[in-house]
Amino acid sequence: MEKYYLTTAIDYVNGRPHIGHAFEKIMADVIARHYKQRGKDVYFLTGTDEHGIKIQKTAEKSGKQPIEICDMNAQEFKNAWALLEIDYDKLIRTTDIEHTQIVQKIFKKLMDNGDIYKHSYTGLYCSGCESFLNPRDLTEDGLCPDHMVKPEEIQEENYFFKLSKYKDRIIEHIKTHPEFIQPAFRANEVLNQLENIEDISVSRSKDSVSWGIDVPGDDFQIIYVWIDALSNYITALGYDTESPSDMFKKNWPANVQIIGKDIMKFHAIYWSAILMALGLELPRTILAHGWITIDQTKMSKSIGNVIAPKDVIEEFDLQHPDAFRYFMMVTAPSGKDGNYSDVDFKERVNADLANNIGNLLNRTLNMLVKYFDGEIVTIPPSGEIAKEAANTVEAVKDKFDKFELAEAAQDIVNFANVVNKYVNDTAPWSLAKEGKMNECSEVLYNVLESMRFIGILLAPYCPNISKEILEQLSSKMTGYDSLVWGQIPVGKLTEKDKIKPVFLRLDSEFATDKKKS
């Protein structure tokens, strides 16, 4: 099988996971599940970023050791991803011994190649970004534009990476590989940042930051985040400067690296330059997503609007995370910001999952039982609905190849709308009343076969609802190779007591009763 390697940003563990973290991980999981359906050999990496000044300060305030903070919060992230059914292959921690050892080898190789040098430096440092900032990048009030705090002026002798050496090669790569930065509108943003690019500090004095990986051969410096954290994408595969593992050789370069738009510069520029210096290929695509706001307001601890995924699951007493997963993916068009509110969440999932898709399956199966004792009488010739189904499959594949997940979900819902209209237009209940049982049977088959398509296409977003749909259709086929019209066979399909809603409206009496039980 053709390999497909995708990664997420690794989450900083000085706090607990919120729905912004969840948005990215669900996105990666949906992409991974989709390409598995298409027969790819997918390897899905996520992780936690566990070194640096923020964790050091958090540990000092709490009276704990840094590793205790890391262990505790890394487990919080693992728990959150389990709750959301994020089916990753590996979660790397930058405190893993294998990672720290390889990072030191990478640092030494870059030094030996002349790409790292020692230099005294005075600069403006933002602890939120864990980055030195250029004065021209600050707001008019001299604040970091992302964290709205005044950077601290720091003077240190650090190791620097020759980022400027790779400027022209990165520009050339961006211009000749339009798929490298997605969405494409972010490419100009990166090219503008490259105009005034300078060499970057890749170490910190232990007098300033003690929690990190030691610089090899220097007891007074730790390796800074850009080589430590960014290298996780290759250390997780067993990259070694001397003899890379078979896993690395198989999977690198990454097919897609998914990140937030605020760290595009560090990935498209810093990471690209480090890879070039190591003589490695660049990832095929760096995909930058937007942010999730809460009721149109940016999440902030200070205003108390930070929401954890667990909060939503518990608030609506969801039996599985499908509704939350689905909403997170449809609330933000490709690369743009999305918004969460309880009202929007309830209205969208009720409309799409309960009223549209769930009700369509439920009423059609009930008609099959009422008119044909739950049996498929015959498989009719494929017609317009079959063509719509095939077109939807191709549209969804095309959207996923462009990383347009919200748009792909809308294609699935649009197809369900078409099928609902087909039911209303053909009125199988009227056909049965008139004794036109062949025509009635044909309509019901077309709807149920359409629901099989919808169940498979919906699976990356809603694995549990999809499973329920396919089980009620007595189908075990989940791959795209089974999206061929006419796979539901003649014979007994269902019985009255096997039919149940695949998703209850969040405000329905049945859902309320379920909460009480």
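**Exercise 1.** Determine which residues Leu230 is in contact with, leaving aside its neighbours within four places in sequence.

*Solution.* Step 1: with contact taken as heavy atoms within 4.5 Å, the partners of Leu230 are Val225, Phe266, His267, Tyr270, Trp271 and Ile274. The model is predicted, so local features need pLDDT of at least 70 and side-chain atom pairs pLDDT 80 or more, while totals for chains, interfaces and linings use all residues. Residues are numbered from 1 along each chain as its sequence is written, and side-chain values use heavy atoms, without hydrogens and water.

Step 1: Leu230 is placed in the loop between α7 (225-228) and α8 (232-235); helices (H or I, at least four residues) and strands (E, at least two) are DSSP runs numbered from the N terminus.

**Exercise 2.** State how many aromatic pairs a search of the whole structure finds, and characterise the pair of Tyr4 and Tyr35.

*Solution.* Step 1: the search returns 22 aromatic pairs (rings of Phe, Tyr and Trp, the last by its six-membered ring, with centres within 6.5 Å; stacked under 30 degrees between planes, edge-to-face over 60, otherwise tilted).

Step 1: Tyr4 and Tyr35 are stacked, with 4.3 Å from centre to centre and 15 degrees between the planes.

Step 2: because Tyr4 belongs to strand β1 (residues 3-8) and Tyr35 to helix α1 (residues 19-37), the pair ties together parts that are 31 residues apart in sequence. Both Tyr4 and Tyr35 are buried.

Step 3: another stacked pair joins Phe248 and Trp252, at 6.4 Å between centres and 10 degrees between planes. Phe248 counts as buried because its relative accessibility is 7%, and Trp252 likewise at 8%.

Step 4: Phe248 and Trp252 also belong to one aromatic cluster, together with Tyr5, Tyr43, Tyr233, Tyr239 and Trp271.

**Exercise 3.** Locate His34 and identify its contacts beyond four places in sequence.

*Solution.* Step 1: His34 is part of helix α1.

Step 1: its relative accessible area is 0%, so His34 is buried.

Step 2: its contacts are Val396, Lys397, Phe400, Pro460 and Tyr480.

**Exercise 4.** Describe how the axes of helices α13 and α17 cross.

*Solution.* Step 1: the axes of α13 (residues 342-372) and α17 (residues 437-458) approach within 10 Å and cross at roughly 145 degrees. Axes are lines fitted to C-alpha atoms, for helices over the stretch in contact, with angles from 0 to 180 degrees between N-to-C directions.

Step 1: residues making the contact include Leu353, Ile357 and Leu360 of α13, and Met437, Cys440 and Ser441 of α17.

**Exercise 5.** Find where the backbone has cis peptide bonds or a positive phi in a residue other than glycine.

*Solution.* Step 1: the bond from Gln182 to Pro183 is cis, with omega near -5 degrees; Pro183 sits in the loop between β8 (181-182) and α6 (187-194).

Step 1: the bond from Trp252 to Pro253 is also cis, with omega near 5 degrees, and Pro253 lies in the loop between α9 (246-251) and β13 (256-260).

Step 2: Asp373 has a positive phi, near 55 degrees, and lies in the loop between α13 and β18 (375-376).

Step 3: Ser474 has a positive phi of about 55 degrees, in the loop between α18 (463-472) and β19 (491-492). Its relative accessible area is 52%, so Ser474 is exposed.

Technical notes
Buried means under 20% relative accessible area, exposed over 50%, partly exposed in between (1.4 Å probe, protein chains only).
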